[in-house]
Amino acid sequence: MSKRTYNILFHLHTVSGIVISVALYVIFFTGSFSFFRDEIVNWERGHTVKAPEEINLDFDETLEQMSKERNLFGRDIEFKQYYNEQHIGVNLGASKDTLLTKEKAAGAFYYLNTDDKSTTDYATSYSLGEFLYRLHFFAQMPHPFGYYLSGFVALFFLFALITGIVVHWDKIISNFYVFRPMTKLKTVWTDAHTALGVIGFPFQLVYAVTGTFFMLKILLVAPTVLALYDGDDKKLYEDLEYAHPHFEFQNTPINKSININSYVKQVKSKWNNFNVNEVHIFNYGDKGMHVSVSGNLDYKNKINGYGYTIYNVTDGSIYGIKDPTQKTSYLDAVKGIFYRLHFGDYGGYGLRIISFLLGLIGCFVILSGVLIWLTARNKKNIPVKKRKFNEAVVRYYLAICLSMYPITALSFILVKVVNPTGMSLLYQFYFIGWLLISIFFILKKDNYLTNTYSLLSGSIIGLSIPIVNGICTGNWIWVSFEKGYDQILFIDIFWIVIGIVGLLIFSKIIKTQKNNSINK
Amino acid sequence: MPANSKYLNPSFWPRFSKITAAIIGGFIVSILFHLAIASWLDHVDVIITSTYSAIILWVCLMIIAFLAKNGWKIWGIYIITSIILAIIMFYGKALNPLI
């Protein structure tokens with residue numbers, strides 16, 4: 001590589017990295033926690049989901065209940081399990097019966113608790129798990145700016161990754177084993193940044209590409225629709241098999257009893273280990289009624305086992321079928337693998353714990369990069385004014401990033417003390433708390449203190465989370481263990497481990513600091 | 001260790017031309033490249049492939065634009081490439097219409 005290329009790439013890596021650093025840190029931090037989104041939600045609500053990945057519901061009984069409140073005739077009704085929670089989403093399309101008044105025909109969306117059959121809307125069932133998950137793509141910002149911002153951060157993250165690996169290419173093997181913790185501070189950051197960066201590279205590359213696609217797919221879809229489909233976006237979604245087929249409403253009631261459960265049963269008996277996660281009913285109670293039962297094979301059997309069967313209710317025939325046991329088409333493989341790779345949900349707890357750790361390594365690589373940036377510019381030949389500015393930038397960055405740890409831990413306490421917390425309280429608590437802690441650290445003007453205090457406070461709060469949970473709900477760790485409350489137990493232990501590791505690192509930092517001051 | 005500034009562009013217009021060529025020009029070329037292929041081959045497979053390949057190609061074209069000696073030259077190259085790709089796409093679309 002010529003000197004010119006090297007220096008340009010190096011500069012591109014530096015600039016793109018420093019610009020996105022804080023946003024990327026927030027994405028990595030919340031994303032790491034989001035691997036356990038469903039566990040956090042269930043822990044918060046005190047729920048235990050016994051058969052994840054699947055809807056456990058008596059559909060016919062539910063529909064009968066629903067018909068007492070609304071006229072279901074001629075509606076499209078969808079039951080969908082979005083996450084491994086007791087809550088499933090129920091989407092009621094507007095009735096196509098033109099005789100109904102507008103009010104009666106209106107559609108609705110709500111969550112149904114499959115256990116106690118209670119219903120909630122989005123805002124009241126808002127949870128800390130959902131909050132952290134949505135902060136991962138800045139959904140709290142006005143739509144769609146948060147999505148686009150996180151998408152472009154992901155894109156420039158990919159840019160920084162590629163320029164970074166090319167810059168480091170010549171030394172990739174020789175420097176892989178190099179770690180010089182006893183030398184000056186800058187080499188410590190550099191060694192950690194490059195070694196961990198290389199280890200995390202494949203993982204981060206996948207997340208950068210898939211993340212960019214999730215948030216910026218409009219940039220790919222819009223030109224394709226305009227140029228190839230002459231503006232007909234429905235046709236594109238049909239070609240990519242994202243849309244349900246359309247069935248005409250015939251406005252004649254069906255004279256037959258409807259049994260959704262039997263369709264679900266049929267599908268499950270046809271394919272072994274098939275988890276039904278969506279039941280979509282077209283034109284309920286009408287001659288044109290169809291039922292689509294879709295889901296996935298268990299990930300243990302097949303990673304891309306998406307399939308469905310669509311039944312014609314009037315004559316009981318099968319309208320369409322996608323057999324998940326057959327060879328997966330390229331289209332389905334790409335569509336499925338994007339989500340599996342990004343969510344890391346196909347390999348049980350082990351994979352998600354590794355992904356969590358790699359996510360935290362990402363956080364570390366970002367911060368060490370910022371610190372390299374500072375130490376490399378902290379030289380005598382650089383004007384004092386500029387050095388002061390650089391120092392302030394890093395102080396703000398560190399304060400904002402590191403205070404996420406204590407405020408996240410504190411939010412876990414909040415959702416147990418005030419339960420259910422609700423959307424607005426959670427927003428205020430998290431964002432105002434985050435702001436206050438950040439301001440405190442910024443005013444203290446001491447990066448060492450920011451680092452140690454955030455670590456210490458977050459770890460102590462983290463360790464107290466299982467205790468608060470025990471006091472508030474009675475689900476102490478041994479109780480959860482005995483009764484098999486897997487998700488509750490997991491989050492409690494998760495925080496104990498994080499807290500202990502945090503304290504160990506803290507004591508290590510304190511010790512080295514003491515040694516250093518004695519040696520001086 | 002900051003990059004040696006003798007290799008970088010300090011003044012406004014060279015910088016501006018490179019940044020715009022990288023982000024906007026790179027995007028246009030990357031998208032048209034995939035559309036051109038999609039109009040001739042199995043369009044569904046190409047479109048779903050573009051969900052990752054277009055992003056990676058975009059980033060690579062960004063890097064190439066920054067490595068160029070002259071920002072306006074690379075803009076010219078990207079525009080000419082885009083025109084060629086657009087012609088290929090319109091021919092393909094005329095011969096294999098989707099709608």
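Helices (H or I, at least four residues) and strands (E, at least two) are taken here as DSSP runs, numbered from the N terminus. Read in these terms, chain B follows the pattern α-α-α along its sequence.

## Basis of the model

This is a predicted model, in which local features need pLDDT of at least 70 and side-chain atom pairs count only at pLDDT 80 or more, while totals for chains, interfaces and linings use all residues. Residues are numbered from 1 along each chain as its sequence is written, and chains are lettered from A and ligands numbered from 1 in the order in which they are written.

The pLDDT is the predictor's confidence in each residue, from 0 to 100, and for chain A it averages 90, with 99% of the residues scoring at least 70. Among the elements of chain A, the lowest mean pLDDT, 80, belongs to helix α4 (residues 102-105), and the highest, 95, to helix α13 (residues 404-417).

## Overall form of the two chains

Chain A contains 17 helices and eight strands. Its radius of gyration (taken over C-alpha atoms) is compared with a globule rule of 2.2 Å times the number of residues to the power 0.38; because the 26 Å of chain A is close to the 24 Å that this rule gives for 520 residues, chain A is as compact as a globular protein of that length. Along the principal axes, the C-alpha atoms of chain A fill a box of roughly 90 × 60 × 45 Å.

Chain B has three helices and zero strands. A compact globule of 99 residues would have a radius of gyration near 13 Å, whereas chain B has 16 Å, and its C-alpha trace spans about 55 × 25 × 15 Å along the principal axes.

## Burial and contacts within the chains

A residue counts as buried if 20 or more other C-beta atoms lie within 10 Å of its own, as exposed if 12 or fewer do, and as partly exposed in between, with C-beta atoms placed from the backbone. On this count 38% of the 520 residues of chain A are buried, and for the 99 residues of chain B the figure is 38%.

Two residues are in contact if their C-beta atoms, placed from the backbone, lie within 7 Å. Of the contacts in chain A with a separation of 6 or more, 70% are between residues 24 or more positions apart, and in chain B the corresponding share is 83%.

## Nonpolar cores

A nonpolar core is a set of buried Ala, Val, Leu, Ile, Met, Phe, Trp, Tyr and Cys residues joined through C-beta atoms within 7 Å. The largest such core has 111 residues, of which Tyr25(A), Phe157(A), Leu158(A) and Val370(A) touch the most other members. Helix α1 (residues 3-34) of chain A gives the largest share of this core, 13 residues. Once its neighbours within four places in sequence are left aside, Tyr25(A) is in contact with Cys363(A), Ile366(A), Leu367(A) and Cys401(A). Another core, of 23 residues, lies apart from the largest one and has among its members Ile77(A), Ile260(A), Phe282(A) and Met289(A).

## Strand pairing in chain A

Strands count as paired if DSSP finds at least two bridges between them. Strand β6 (residues 290-297) and strand β7 (residues 306-312) of chain A pair in the antiparallel sense over seven bridges, and His290(A) stands opposite Asn312(A) in β7(A).

Strand β7(A) is also joined by four bridges to strand β8 (residues 318-322) of chain A, and these two run antiparallel. Tyr311(A) stands opposite Ile318(A) in β8(A), while the bridge partner of Tyr308(A) in β8(A) is Lys322(A). The hairpin formed by β7(A) and β8(A) has five residues between the strands, and Gly316(A) in the turn has a positive phi of about 75 degrees.

## Backbone exceptions

Most residues other than glycine have a negative phi, and most peptide bonds are trans. A cis peptide bond, with omega about 0 degrees, joins His143(A) and Pro144(A), and Pro144(A) is found in the loop between α5 (128-135) and α6 (145-167) of chain A. Asn419(A) and Pro420(A) are likewise joined by a cis peptide bond with omega about 0 degrees, Pro420(A) being in the loop between α13 and α14 (423-444) of chain A.

Glu241(A), a residue other than glycine, has a positive phi near 60 degrees and is found in the loop between α8 (233-239) and α9 (260-270) of chain A. Asn251(A), not a glycine, has a positive phi of about 60 degrees and lies in the loop between α8 and α9 of chain A. Glu241(A) has 16 C-beta neighbours inside 10 Å and therefore counts as partly exposed; Asn251(A) has 15 and counts as partly exposed.

## The interface

In the interface, 30 residues of chain B are in contact with 32 residues of chain A. The elements giving two or more residues to the side of chain B that touches chain A are α1 (12-40), α2 (43-67) and α3 (71-95) of chain B, and the largest share, 16 residues, comes from α2(B).
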